[in-house]
Amino acid sequence: MMACISNNVRPLTSRLMAAAFTPPTTQYASTTARRVGSISRGCASLPSLFDSPCSSHGQTSFARSIPFSSTHQDTRLHSTTPDNSDDIATSSDNVIRAEEEEEGVDPYSDEARDDLAKFYQQNGILDTTAEDIDTTHKSLLRLTEQVLDWNQRLNLVSRKDCTVSVIYHKHILPSVALLPFILETTSQQSQSNKPMNIIDVGTGGGFPGLPLALLLPEVQFTLVDSVQKKLKAVSEMAAELDMTNIRIHWGRVEEMYVGEKGRREHRGRYDVVLGRSVTALPKFCGWVSDLLKKKSKGKGSNDDDEVVEEQGGRLIYIIGGELDELVESKIVEDISIDRILQRPEGTSDKRALIFHAKDVEEIATESGEKSKIVRQGVPLGNTKKNGNNKGGKKMAKGAWSKKENSVKKQRGYEDFQRFEA
């Protein structure tokens with residue numbers, strides 16, 4: 001009996017061992033394990049996560065990525081066909097092919113690079129050569145791979161069907177689609193001698209701010225989120241790509257412009273506010289209305305006394321679904337992401353909405369969302385007086401103040417008497 005069982009187990013064990021060491025197939029590798037360069041990072045903590053600039057200087061906790069190969073085909077892993085490729089069933093081939101078609105154009109292909117070049121050309125983004133497009137495409141691929149790598153440790157984006165193709169087509173490209181609107185705002189601000197500032201509220205895994213900052217190195221970006229671990233990943237990715245135009249802010253956006261020291265700089269500072277399906281638009285407008293620049297007049301960049309009218313800031317918001325009547329009545333421009341990227345309608349249900357600063361303020365006020373915001377600390381304009389603080393000025397913590405002698409001291413015992421020995 002034991003001999004019979006032993007004879008039956010041995011072939012089964014052999015088959016399991018053979019299956020365990022079977023090399024991956026070409027089809028599996030082409031849909032999952034595509035890397036431009038191997039990336040390794042440490043998990044050293046950031047020096048500071050409060051309005052800290054993201055720069056590669058002084059950070060040595062991770063290694064640089066391996067440079068790009070000369071062609072996209074050279075970047076594939078398992079580029080040669082394994083010996084057991086003939087054993088793959090035809091049904092498996094059809095399933096893999098269907099998944100690739102559903103995910104879109106292969107991000108590493110020349111077709112994807114050509115689509116990016118068409119996007120630049122159709123939107124009037126000039127002064128870009130073929131080499132510039134190739135460099136931009138490779139940079140976006142590096143960012144895509146880093147998001148995929150970090151998403152295995154943190155939930156930056158949805159982990160359902162999280163592949164290079166999904167991240168590139170559903171997160172990277174929709175962020176890049178906002179580039180024409182950013183450049184339009186840049187041209188309006190060109191007469192002013194002030195640098196352009198953009199803030200991405202609720203950035204999460206860095207969208208849409210991180211891809212845009214990669215393409216606009218001359219513009220200063222501030223990325224805001226209340227989840228510290230996500231901002232750590234965003235900071236590491238920015239440093240890995242040598243991006244010096246990003247700083248991050250860990251905290252609630254409602255607290256960025258109260259009267260607290262060191263935070264008033266954010267009030268009325270930003271030319272563009274970005275958001276991507278963060279919350280309902282009326283509530284979002286209540287959060288960011290005070291961050292946008294207001295329409296004003298100032299001196300131009302020349303030495304003369306020419307007065308230049310500065311346009312107010314703009315809100316650019318990516319959203320899907322229906323909107324209420326108040327929001328729809330204030331929209332300046334409403335265009336689908338698929339139309340901007342010149343791809344078939346229905347690929348994405350998202351669209352980009354544009355609002356002027358005054359419209360954002362009206363939505364926040366008329367919806368009542370601005371009055372619902374509860375801020376910590378002392379709000380701006382608060383002049384509440386108390387007996388020990390005349391004039392409404394806030395006393396420093398631990399400061400001494402003169403007490404009134406007419407007030408009886410509270411010792412905690414009323415019948416205390418002192419006796420001499």
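**Charged residues and a covered helix**

Glu-328, with a relative accessibility of 45%, counts as partly exposed, because that value falls between the 20% and 50% limits. The model in which this residue sits is a predicted one. Glu-328 belongs to helix α11, which covers residues 325-330, and on the surface Glu-328 gathers with Glu-322, Asp-324 and Glu-325 in a patch of negative charge.

The side chain of Lys-330 meets that of Glu-362 in a salt bridge with an N to O distance of 2.6 Å. This pair joins distant parts of the chain, since Lys-330 lies in helix α11 and Glu-362 in helix α13 (residues 357-366), 32 residues apart. Lys-330 is buried, with a relative accessible area of 17%, whereas Glu-362 is partly exposed at 28% relative accessibility.

Salt bridges are found elsewhere too, and their count comes to 19. One of them brings together the side chains of Arg-267 and Asp-290, at 3.6 Å from N to O. Because Arg-267 lies in the loop between β4 (246-250) and β5 (272-276), while Asp-290 lies in the loop between α10 and β6 (296-299), the pair ties together parts that are 23 residues apart in sequence. Here Arg-267 is partly exposed at 38% relative accessibility, and Asp-290 is buried at a relative accessible area of 11%. Both residues belong to a network of salt bridges that also links Lys-294, Glu-361 and Lys-370.

The loop that holds Asp-290 has helix α10 on one side, and that helix, residues 281-288, is mostly covered, with 7 of its 8 residues buried. The buried residues of α10 include Phe-284, Trp-287 and Val-288, as well as Cys-285 and Gly-286.

A further salt bridge pairs the side chains of Asp-149 and Arg-153, with 3.1 Å between N and O. Asp-149 is buried, having a relative accessible area of 13%, while Arg-153 is partly exposed, with a relative accessibility of 36%.

Note on methods:
Residues numbered from 1 in each chain as written. Predicted model: local features only at pLDDT ≥ 70, side-chain atom pairs only at ≥ 80, totals over all residues. Heavy atoms only, no water. Patch = residues over 30% accessible without salt bridge, like charges linked within 9 Å, V, L, I, M, F, W, Y side chains within 5 Å. Areas by Shrake-Rupley, 256 points an atom, 1.4 Å probe, with all protein chains shown as cover. Salt bridge = Lys/Arg side-chain N within 4 Å of Asp/Glu carboxyl O. Lys, Arg positive; Asp, Glu negative; His and termini not counted. Charge placed at Lys NZ, Arg CZ, Asp CG, Glu CD. Helix = DSSP H or I, 4+ residues; strand = E, 2+ residues; numbered from the N terminus. Buried < 20%, exposed > 50% of the residue type's maximum accessible area, 1.4 Å probe, protein only.
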